[in-house]
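Please read the following report alongside the sequence and the coordinates. It takes the two chains in turn and then turns to individual sites.

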Amino acid sequence: MNFIRYTAMVLVASTALATPLVAAELQLGWYVDGDEQEQTLRTLLAEYTGLHPETTFNLQITPYDGMSEKFRQYAASGIMPDVSLTSSMEPVVRPFLVDWAEVNGKDWINQFVKGWADGAKFGDKVIAAPLDVTAVGIFYNVDAFAKAGVALPQAGATWDDVLPTLKQVSEKAGVRFPLVWDVSPHRYLTYQFEYGNHIYSEDAPVRVAMDDASWVKVLKQFVKITEDYMPPGLWSGSSSDKPFDMFVNQQAVAYMSGSWQIQSFNDNASFKWQAGPTPKGTVSSSNVGGNYLVAFNTSKHLDEAEAFVTWITSPKVQAEYARVFGLLPANKLAPDVAYSSPDASAAVKGFQADLENSPRYAATDQAWPEMQAGVWDAVKASVTSVVSGQATPEEAIAGVHAAAEAAIAASK
Amino acid sequence: MRYLPSPGRVVAIAVVLILFVLPPLWLLLSALKPQAEIFQWPPSLWPEHFTLENFQKTISRANFSAYFLNSAIVSVSSALLSVAMSVMAGYALAKFRFKGDTVIFLLIMSAVMVPLQIVLIPVFLVLRDLGLLNTLWGLIIAPAATPTGVFLMRQYITGIPDNLLEAARIDGTPEWRILLRIIVPLALPAIGTLLAFNLVWRWNDYLWPFLIINQQEQWTVQLAIANSIGRFSINWPRLLSMTVLSILPMLVIFIALQKTLMNGLMAGAAKE
Amino acid sequence: MQFSNKGGSIARLFRLAGRTSWPYVLLLPTVALLFAFTLYPLLQGLWMSMFRRGLVVVPQVPESIPTFVGLNNYVQLLADKDFVTSLLRTVLFVVVAVPLQLIASLSLALLLAPQTRFNAVARTIVFFPSMISGLIIGVIWAWLFARNSGLVNYGLSLFGLPAVPWLEQDQLAQAAVVVAWVWGGAGFNMMILIAGLTAIPKDLYEAAAVDGTSRWRTFTRITLPLLEPSIVVVVVLGVIGAFQVYEIVVSLTTGGPGRATVFLVQNIYDTAFKRPDQAGLAAAQSGVLFVILMVLTILQLRVAKRR
C-alpha cells in the first residue's frame, strides 16, 4: 500500500513538473517620475517573475506627455503592448481594452476607491484596473510658520481664515509669496468643489449641473486670490514660474498640490513640511486622481497579462506598491501602509481621510467620460483668460458651460 | 577682408557675445549646482556649492553610454547619407535643364511646408509597413532626405561657373567624374556647412525616435532628455546635465569642421 | 585630370543618353525617400481634409469614421474665429521676425566672416542655439523671462527697475517669441551667409579698393548682389520656418497669455485633439498653410530669378 501510494505521489509530482511552462514576455507601457521610480518598478516586476517564472517583462518607458500619441499609434497600427499604465482612457483606444468585469466578475471593481473606480467604468464594462489614487491638498512650510511665530491652521478652517494667516507668515518670516498653486484645471476645480459647484450631475443620465452665477462668483474669488496671495501672473496661462520648485526652494509659505508630492518632498525639501489640513469653502473637498492599468485584448499573452494586473491590484500587493512609490493604494482593502517616514505616513492618512470626506460630486465629475472631451481645457482657459484680461468671468464660465454641453452632445 | 569699421565692431562684438554667451554659460553653471540651489532667490549665476553630482548621476545611469552611442551612429550615418543625396539633387537642379525640373524642385520643397506632427499617424503607418519600426536604420533613413539641404546645395552650386563643366563635357568626361572631381571640391565650404547642420539636426531629432524606438537600449540622447520631464515635475538636474553633455559632441564636431572649412577656403583663396 | 575619350559613336550615344537621364538619376534617392516618408503622408493629410473624421479611425468610435464633406471644411474655416486670428497672428509674426532674422544673421556674418582664431571661437558661441532643440530654446528663454524668478527681471531689479511681466502681457509675450526665435536661428543663418561671403572672389574687393570705392558702396554694389543666392536661402527658409513656429512657443508660453501666442500650428493641434471628429478640419488648416507657403515660395524664387 505504502509503495503504491508513494509511486502515485511521484507520478503526480513528475507530471506537474513536466507541464510545459509557456514563457510569456509581457510588453509594458509605463511612465515614471524619475530614475528611482523606474528602479523600484523593475524590482517589483522581478518579484512577480520570481513568483511566476514563465512571465517576464519588457518595460517600455514613455514620457507622460507622449502617452496619448502612443495610444493613437496603437489604435491606428494595431501594434500594442500587453499592458499599459494610463491616467485616462482615450476614446480611440477603448475598444481594445480588456473588460475586467468579464475577467474578474462584476463586483471586483467595488473593492477600489469609489471615485477612481467609477472612472474605470464604461457602460457595463470595466475597462481599466485602478492602480493608485492621489488626492488634492495643501502643503505648509512648517519652519516658516515657526519663524513667524504663527500657529498652523487647524482642521475646519476656511479659506477666509487661512489666507490672511499665510500673508502674515510670509511677511514675518521673509518668505517671498504666501501661496503657490499648481496651474492645473484639476487643482482649480477643487476650489469650485469647495463652494458646492460641480460640472456634471452625480447620477445618470449625465447632464450639465452648473449654476453659472455661483461659478462666476467663485471664479472672481479665485482670481482675487491669485492677485493678492500668489506670485503675479502665475495663472496668466503663460507663466514660466514653477510652483513645485518655488515651494521646495522656500519661496512660498503654502502650496496647493496633492499627495503625489509626498515622495519628492521627502527627498528634496530641506525644511519641515506638513500636508494639510486643507482650508475649506462652504464644504471641505479634495479631488481624486491617480493611475489605471489597462490590458489590451490584442495581446498574445492575455492570461498572463490579466494575471499580472489582478496581482498588482490585489490588497496585499497594493500596500507594498503604495509604500515603495509613496502613493495611496487604490484598493480599499489594502492593509495600512508603513511609509518611509512618520511625516509621510501622517500625510497619507490625512489625504485618504480628505478623499473619504469629499462630497460625492468630487468623484463623479471626472468619472464621466465626457470630461475627457475638452472640458478640462475649457476649465483652465476660464481662469487664464480672466486673469490675462481677455474675457470677463461671465464669458469664461459660459465657455465652460458650452464645452460641457458640447461634450455630452458629441458622445451621443 | 574687413567688412565693417573698427570701433563699431568692438561694441557690436561685445553685445553679441553677451547675448550669446550668457545662456549657454548659465546652462552649464546651473548643471553644476545642487538641486536646491537651481531655483533659489535671488538667482545667482555662479554656483554657491559647486558640485559634479548631477553629471555623476547622469553618467552612472544604466544605459547612458548606449544613448550616446545610438545618437552617434544615427547622426553620423544619416548626415553622410543626407549630404550625399543633397549634393546630387542640388547639382541636378542647379546645372541641368530638364523636363519637370521646376515641378520636382517645388515637390521637394513642399516636403517642409507641412508640420510633421499633423501627419504623424500616416508616417507611423509607412514606417510600420516598411518594417523600420524599432530599428536604428529607421532613424537613419527616414529623415535623411532634407529639402533644406537640397535647397542649400542648389543655391551654392549655381555659383559654380558653367564653363568648367562645359569644358569637361567637351572632353568626354563621364558625368559621375564631373560630379566627384569638379563639383564636390568646389562646393566644399557648403558641403562642410551642410554636414555640420545635418549632424546637429539628427542629433536633436526627437519626433523620429519617439515614433520609431520603443526599447530603452535603443534610445537616443533626446529621448533620454525628454524623459526628464515627468508628469508632475521636471527633473532639472538630469535635464540640465544631460543637455550639457549632449551639446559637447556637437561642439567638438563644429570646431573640427570649422578647421576643415578654413583649410578649404584657404585653398580656394590661393587658387584665385 | 585624366579625361576619358574612349569609344566611337555608339559609346557617345550611350553617354548622351546617360547625360540626359543623369539629372533624374541624381534626384532619384531624394525624391524616393521624400515620397515615402513625407509626401505620401502629406497627400493622405490633404485627402483627410475633405472628410469629417477622427485622427485615427476606429470602427467602434462612430465620430472617428470618415464622412465625405468635400470642401466644406475649408468653407467652415473662413468663419472660424480661432483659425483666422491665429493665421493673422502668424502672418504678423513672419513679417516681423524674418527681416529681423536676416538683419541679425547678416550683421553677424559680416562681423565674424574674417578667418581669425577669435572669430572661429565667436562663431562657435553664436552657433550654440542652433545646436539645441527648439524645446530647450524655449525653456532657456522662459527661464530668463520668468516674471518672478527670471534673470532679466533680476537684472532690472539691480538697477532699481520694476519687474516686467514679459510673458503675461500679449504684445510682450509675442515679442519674447520673436526674440527667442531670432536668437535660435541666428547661428544657422549666419553660417549660410558666411559660406556665401567666402565664395565672393577676392579680386573684386581688391579692384574696388584700388578704385577708392567707399565701404558702403562696396557693400551694396559688390557684396549684397553676389550674396543674393544665400540671402534667398535665409529668407525662403525663414518664411517657411516662421510660419510653422511651434516648439519654441510650447515651452516658452504654451500659447498664453490666454491665447495671445497661439500661432497656426498650435491651432491645428488644438483643433485635431479637441473633439474626436475634428481631424479633417485640422487637416484643412494644414492644407491652407501648405498653399500659402507654396505660393510664397514660388513668388520669392521668381523674384530672385528675375534679378
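## Basis of the description

This is a predicted model, in which local features need pLDDT of at least 70 and side-chain atom pairs count only at pLDDT 80 or more, while totals for chains, interfaces and linings use all residues. Residues are numbered from 1 along each chain as its sequence is written, chains are lettered from A and ligands numbered from 1 in the order in which they are written, and side-chain values use heavy atoms, with hydrogens and water left out.

## Chain A as a whole

Chain A has 17 helices and 11 strands, where helices (H or I, at least four residues) and strands (E, at least two) are DSSP runs numbered from the N terminus. Its radius of gyration is 24 Å, close to the 22 Å that the globule rule gives for 412 residues, so chain A is as compact as a globular protein of that length; the radius is taken over C-alpha atoms, and the rule is 2.2 Å times the number of residues to the power 0.38. Along the principal axes, the C-alpha atoms of chain A fill a box of roughly 85 × 50 × 35 Å.

Of the 412 residues of chain A, 58% count as buried, a class that means under 20% relative accessible area, with exposed meaning over 50% and partly exposed lying in between (1.4 Å probe, protein chains only). Among contacts (heavy atoms within 4.5 Å) between residues of chain A at least 6 apart in sequence, 75% join residues at least 24 apart. The accessible surface of chain A comes to about 16400 Å², with 55% of it belonging to carbon and sulfur atoms; such areas come from the Shrake-Rupley method with a 1.4 Å probe, and for residues only the protein chains shown count as cover. Chain A carries 29 positive and 46 negative charges, whose mean positions are 3 Å apart; here Lys and Arg count as positive and Asp and Glu as negative, without His and the chain ends, and each charge is placed at NZ of Lys, CZ of Arg, CG of Asp or CD of Glu.

## Strand S10 of chain A

In strand S10 of chain A (residues 288–295), 8 of the 8 residues are buried, so the strand is largely enclosed by the rest of the structure. A:Val288, A:Gly290, A:Tyr292 and A:Val294 point one way, whereas A:Gly289, A:Asn291, A:Leu293 and A:Ala295 point the other way. In a regular strand the side chains alternate between the two faces of the sheet.

S10(A) pairs with strand S3 of chain A (residues 83–86), which runs antiparallel to it and is joined to it by 4 bridges; two strands pair if DSSP finds at least two bridges between them. In this pairing A:Thr86 stands opposite A:Tyr292. Strand S6 of chain A (residues 129–141) also pairs with S10(A) in the antiparallel sense, over 6 bridges, and there A:Thr134 stands opposite A:Gly289.

## Loop residues of chain A

A:Pro369 lies in the loop between helix H15 (361–367) and helix H16 (375–387) of chain A and is partly exposed, with a relative accessible area of 26%. Not counting residues up to four places away in sequence, A:Pro369 touches A:Arg94 and A:Phe122.

Two other loops hold backbone features. The peptide bond from A:Ala204 to A:Pro205 is cis, with omega near -5°, and A:Pro205 lies in the loop between helix H8 (185–193) and helix H9 (212–228) of chain A. A:Gln250, in the loop between helix H10 (243–248) and strand S8 (252–258) of chain A, has phi near 60°, a positive value in a residue other than glycine, and counts as partly exposed at 35% relative accessibility.

## Chain C

Chain C has 12 helices and 2 strands. The radius of gyration of chain C is 25 Å, well over the 19 Å that the globule rule gives for 307 residues, so chain C is more spread out than a compact globule. Its C-alpha atoms fill a box of roughly 70 × 70 × 30 Å along the principal axes, and 54% of its 307 residues count as buried. The accessible surface of chain C is about 13800 Å², of which 68% belongs to carbon and sulfur atoms.

C:Leu13, in helix H1 (residues 9–48) of chain C, is exposed, with a relative accessible area of 59%. The C-alpha atoms of C:Leu13 and C:Ser149, 136 residues apart along the chain, are separated by 73 Å.
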